[in-house]
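Reader: I have a protein chain to look at for class. Can we go through it together?

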Amino acid sequence: MRIRLSRALPVAFTALAAVATPAVAATTDVPEPVPHTAPADHATYIVTVRKDVDPAEVAERVDAAPVHVYRTVLHGFSARLSPEQVEALRAMPDVETVEEDSGATGFGTGIGTGF
């Protein structure tokens with residue numbers, strides 16, 4: 001059986017989008033991300049905090065505006081931070097790590113590459 005490419009691509013794209021799109025939380029207690037207002041010359045950091053601490057509250061303590069607040073796999077936030085904010089966060093006992101966001105790279109899945 002031969003499938004026309006013009007029919008197969010939209011179906012494949014729709015199926016891939018359904019798998020790759022994260023599920024939206026059904027609860028209303030998940031806050032919307034706050035738009036960041038930090039200068040563009042400040043680096044973006046990923047900050048992880050203890051599980052019993054609200055990440056948004058920790059960001060507020062150093063006057064940081066989170067780009068994202070993480071509550072599932074990571075427990076923390078990302079934000080553009082000044083060197084002073086980074087130092088203040090690293091000194092807090094509620095903060096586990098403060099790492100500059102260097103972007104993600106991957107090796108791929110091998111799909112469509114013949115592997």
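Author: What follows is a short walk through this chain, which is a predicted model.

Reader: How many helices and strands does the protein chain have?

Author: There are three helices and four strands. Along the sequence they come in the pattern α-β-α-β-β-α-β.

Reader: In what order do the strands sit in the sheet?

Author: The order is E2-E3-E1-E4, in an open sheet with antiparallel pairing.

Reader: Which strands stand at the edges?

Author: Strand E2 (68-70) and E4 do. Each has a single partner strand, so one side of each is left without a neighbour in the sheet.

Reader: How many bridges join E2 to E3?

Author: Three bridges join that antiparallel pair. Val69, for instance, has Phe77 in E3 as its bridge partner.

Reader: And where does H3 lie?

Author: H3 lies across E1, E3 and E4, and runs at about 150 degrees to E4.

Reader: New topic. Which residues of the largest nonpolar core touch the most other members?

Author: That core has 16 residues, and the ones touching the most other members are Val47, Val58, Phe77, Leu81, Leu89, Val95 and Val98. At least two core residues each come from strand E1 (44-49), helix H2 (55-61), strand E3 (76-80), helix H3 (83-90) and strand E4 (95-100). E1 gives the largest share, three residues.

Reader: What does Val98 touch, leaving out residues up to four places away in sequence?

Author: Val98 touches Tyr45, Ile46, Val47, Val86, Leu89 and Arg90.

Reader: Last one: what share of the 115 residues is buried?

Author: In this chain, 22% of the 115 residues count as buried.

Terms used
Residues numbered from 1 in each chain as written. Predicted model: local features only at pLDDT ≥ 70, side-chain atom pairs only at ≥ 80, totals over all residues. Heavy atoms only, no water. Buried < 20%, exposed > 50% of the residue type's maximum accessible area, 1.4 Å probe, protein only. Core = buried A, V, L, I, M, F, W, Y, C linked by side-chain atoms within 4.5 Å. Contact = heavy atoms within 4.5 Å. Pairing = 2+ DSSP bridges. Axes fitted to C-alpha atoms, helices over the stretch in contact; angles between N-to-C directions.
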